[in-house]
Amino acid sequence: MAKKITDLVSWVGKVDWELTHFHGDEYSTHRGSSYNAYLVQDEKTALIDTVWRPYDKEFVSRLKQDVDLKRIDYIVMNHNEPDHSGALPELMREIPDTPIYCTKKGEAIIRGHYHRDWKFVNVKTGDRLSLGKSTLTFIEAPMLHWPDTMFTYLDTGAVLFSNDAFGQHFATETLYDDTVDPSELMYEAEKYYANILNLYSPMVSRKINEVLKLNLPLNLICPSHGVIWKNRPADIVERYLKWADNYQENQITIVYDTMWQSTRLMAEAIAEGIRNADAEVKVKILNVAREDKNDILTEIFRSKAILVGSPTINYGFSYATAGILEMARGLKFKNKKAAAFGSFGWSGDAPKMIASRLEEAGFELVSDSLKELWVPDADARGRCVAYGEAFAKAV
């Protein structure tokens with residue numbers, strides 16, 4: 001059923017408690033998610049976004065309980081990835097002549113997904129739609145995080161419908177940020193930024209500063225995943241500006257894979273060396289084959305420097321290491337230093353190859369790679385400790 005947010009706005013989305021992975025298997029959702037859609041009812045009625053296709057019939061059925069579908073005058077699609085537009089075909093079977101307001105690229109994406117000739121109305125930044133006493137204003141936000149993305153601002157109540165921006169994969173029936181564990185919420189918001197939006201950080205900074213210059217009052221930020229930002233919504237905006245500015249904390253993360261524990265022993269000795277050289281730095285050690293890949297990428301996002309290690313396997317390195325390096329390359333982390341290490345039995349190619357991948361991913365190499373033969377003995381362990389000390393001083 002609909003949940004009232006303001007006098008004019010109701011939440012009509014779907015909470016997905018069972019969701020464990022998103023974008024195929026690319027993103028882990030340990031705390032579920034939601035697909036937030038909003039109904040704005042003034043003299044005219046607008047529906048903002050829909051839900052993912054598996055819930056399309058449920059969505060339309062519930063919507064019918066809240067409003068006569070024929071009284072929906074406009075559908076606003078802020079972004080048209082299937083988790084937001086998936087219920088459109090089911091809805092449009094009921095109200096096929098209802099105009100769909102979206103960007104020009106949004107129309108192209110909807111047509112590309114559903115191959116339907118619906119009544120599209122293309123909008124751009126500054127365009128307005130009167131609902132009676134209230135007005136919707138559209139703000140294009142390309143690449144936050146698809147080229148079709150836009151925000152919609154409702155003047156009555158000062159509500160920003162931001163779609164994926166400011167979102168989190170976080171399931172809750174209570175809707176608001178001040179009704180959930182704040183540390184869990186902020187972690188999911190940061191994880192979302194690190195894994196989905198970091199690539200587009202320059203666009204994030206430009207768009208937020210552009211919106212701030214409009215001096216719009218802001219009481220609520222209503223994203224399309226997770227909670228509604230009600231308690232000081234400006235705080236999450238400030239967080240985004242920090243995250244978009246080549247973000248880093250005083251942290252060094254060691255990411256490794258291991259076959260017979262040799263590379264693990266190297267990682268632990270390197271960590272000891274880092275702590276010897278800098279007692280203030282936070283050091284995290286993560287096994288890339290066991291830890292969640294998106295959590296690893298979040299720790300990389302937080303770090304000022306990383307070390308990546310793998311044993312040499314078939315003249316290469318482990319597939320789990322290769323996967324995380326490829327994901328890191330795609331996210332284009334900035335202003336982070338790195339080095340590579342690993343154990344070997346005969347060829348010893350992995351550290352050099354990893355170092356090359358790190359450079360391709362935009363990391364600055366600050367030391368030569370380190371490799372040790374077979375299981376590290378006391379002397380090898382000492383070299384690893386010294387390597388960690390030197391690395392800490394270099395960063």
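This is a predicted model: local features need pLDDT of at least 70, side-chain atom pairs count only at pLDDT 80 or more; totals for chains, interfaces and linings use all residues.

Visitor: Why is tryptophan 118 called buried?
Guide: Buried means under 20% relative accessible area, exposed means over 50%, and partly exposed lies in between, with a 1.4 Å probe and protein chains only. Tryptophan 118 has a relative accessible area of 10%, so the residue is buried, and tyrosine 114, at 11%, counts as buried too.

Visitor: What makes tyrosine 114 and tryptophan 118 an aromatic pair, and how are their planes set?
Guide: Rings of Phe, Tyr and Trp (its six-membered ring) pair if their centres lie within 6.5 Å, and planes under 30 degrees apart count as stacked, over 60 as edge-to-face and the rest as tilted. Here the centres are 6.3 Å apart and the planes make an angle of 40°, which gives a tilted pair. A search of the whole structure finds 16 aromatic pairs.

Visitor: What makes tyrosine 240 and tryptophan 243 a tilted pair?
Guide: Their ring centres are 5.7 Å apart with 45° between the planes, and the pair is tilted. Both tyrosine 240 and tryptophan 243 are buried. They are three residues apart in helix H7 (residues 234-243), so about one helical turn separates them; a helix here is a DSSP run (H or I, at least four residues), as a strand is (E, at least two), numbered from the N terminus. Tyr240 and Trp243 also belong to one aromatic cluster with Phe166, Tyr193, Tyr247 and Phe301.

Visitor: How do you know that lysine 230 lies over the face of tyrosine 176?
Guide: A charge sits over a ring if NZ of Lys or CZ of Arg is within 6 Å of the ring centre and within 35 degrees of the ring normal. Lysine 230 is placed over the face of tyrosine 176 at 4.6 Å from the ring centre, and lysine 371 lies over the face of phenylalanine 344 at 5.3 Å.

Visitor: Why is the contact between glutamate 90 and lysine 57 called a salt bridge?
Guide: A salt bridge is a side-chain nitrogen of Lys or Arg within 4 Å of a carboxyl oxygen of Asp or Glu, and for glutamate 90 and lysine 57 the N to O distance is 3.7 Å. Glutamate 90 lies in helix H3 (residues 88-94) and lysine 57 in helix H1 (residues 56-66), so the pair ties together parts that are 33 residues apart in sequence. Glutamate 90, with a relative accessible area of 13%, is buried, whereas lysine 57, with 54%, is exposed.

Visitor: Which salt bridge does glutamate 90 form with arginine 93, and at what distance?
Guide: The side chains of glutamate 90 and arginine 93 meet at 2.6 Å, N to O. These two residues are three apart in helix H3, so about one helical turn lies between them, and arginine 93 is exposed, with a relative accessible area of 52%.

Visitor: What makes strands S7 and S8 partners?
Guide: Two strands pair if DSSP finds at least two bridges between them, and four bridges join S7 (residues 38-41) to S8 (residues 45-48), the two running antiparallel.

Visitor: Why are S1 and S11 said to stand at the edges of their sheet?
Guide: Seven strands form an open sheet with mixed pairing, in the order S1-S2-S7-S8-S9-S10-S11. Strands S1 (3-4) and S11 (120-122) each have a single partner strand, so one side of each is left without a neighbour in the sheet.

Visitor: How do you know that S20 is mostly covered?
Guide: Seven of the eight residues of S20 are buried. S20 is also joined by five bridges to strand S19 (residues 305-309), running parallel, and isoleucine 306 stands opposite alanine 338 in S20.

Conventions. Residues are numbered from 1 along each chain as its sequence is written. Side-chain values use heavy atoms; hydrogens and water are left out.
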